[in-house]
Amino acid sequence: MMKKIFTLSLLVISLSSCNKGDLVDCQNLTSTQTADIPAECIPVPTDNPDSSVDLSTALPNEAYTFDTNIKFLNTTTTQQDKFDQAIELIKRVVATEEFRTAVINHTYNGSKTFVDNGGYTNSQIYQKMLEGAETLQPLKNNTMDMEVELYYAATSTVGYTNSGTTRIWVNTKYFNTNSIGGVAANLVHEWLHKLGFRHASSYTTSRDYSVPYAVGRMISRIGNGLN
Ligand SMILES: [Zn+2]
């Protein structure tokens, strides 16, 4: 009983930190938490196995030329240096075969798919990342375009954004102690929202398999191996 109350209160904290007006799509620290979630809250994954991709082909040129165009707000020199290192790491990871393979072979419940995939196959999701056509900046420019603003809040929210803005907000409570790989993962997580990918607002096991959470984790895992 105590565990349930504890879990419930954590969920309430997560939800309340997600729902600042229309500010949704936040990344919370609760992704590894095991919560008692009613079955009806777990999104049903789209069953569209992606078997058409030939991973023996050369890595597309866009993986090597992938660039970033990010305006930073409220950063000190030290914080900016950390962001710069994270951006370099993102570019290095995107330029690896390991990253392409991880995205294209991502599996949920035995199918090569992501949860909340927007109807896209794994290879289409990989292609959309390389194209970099954000919903609000739809030019296919092979570039991660966004604004990043640092803020502080004593909440479980690592960062957040919403679909009506090109900006993402990053909480210094976690940013200042995060590894470079962790910062890189958070930037990519929030940027994937700019590409239109969503996930459940409160924690479910399946949320870890959504595009922002799963690809964010790939960035930090592969990036930590490169550093
Ligand atoms: Zn998110």
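## Strand 5 and its partners

Strand 3 (residues 143-151) runs parallel to strand 5 (residues 167-171), and five bridges link the pair. Strands here are DSSP E runs of at least two residues, helices are H or I runs of at least four, and both are numbered from the N terminus. Two strands pair if DSSP finds at least two bridges between them. Across this pairing, Glu 147 stands opposite Arg 167 of strand 5. The model is predicted: local features need pLDDT of at least 70, side-chain atom pairs count only at pLDDT 80 or more, and totals for chains, interfaces and linings use all residues. Residues are numbered from 1 along each chain as its sequence is written.

Strand 4 (residues 157-160) also pairs with strand 5, but antiparallel, over two bridges. Gly 159 has Val 170 in strand 5 as its bridge partner. A hairpin of six residues connects strand 4 to strand 5. Four of the five residues in strand 5 are buried. Buried means that 20 or more other C-beta atoms, placed from the backbone, lie within 10 Å of the residue's own; exposed means 12 or fewer, and partly exposed is in between.

Helix 7 (residues 180-194) has 15 residues, and 14 of them are buried. Gly 196 follows helix 7, with a positive phi near 105°.

The axes of helix 7 and helix 8 (residues 211-226) come within 8 Å and cross at roughly 150°. Axes are lines fitted to C-alpha atoms over the stretch in contact, with angles from 0 to 180 degrees between N-to-C directions. The two helices are therefore roughly antiparallel, a term for angles over 145 degrees. Residues of helix 7 that meet helix 8 include Gly 181, Ala 185, His 189 and Leu 192. On the helix 8 side, Tyr 213, Arg 217 and Ser 220 are among them. Contact means C-beta atoms, placed from the backbone, within 7 Å.

## Two asparagines with positive phi

Most residues other than glycine have a negative phi. Asn 109 has a positive one, about 50°. Asn 109 sits in the loop between helix 4 (97-104) and helix 5 (122-131). Asn 109 is exposed, with 11 other C-beta atoms within 10 Å.

Asn 142 also has a positive phi, near 60°. Asn 142 lies in the loop between helix 5 and strand 3. Asn 142 is partly exposed, with 18 other C-beta atoms within 10 Å.

How values were computed
Angles under 35 degrees count as roughly parallel, over 145 as roughly antiparallel, 65 to 115 as roughly perpendicular and the rest as oblique. Two residues are in contact if their C-beta atoms, placed from the backbone, lie within 7 Å.
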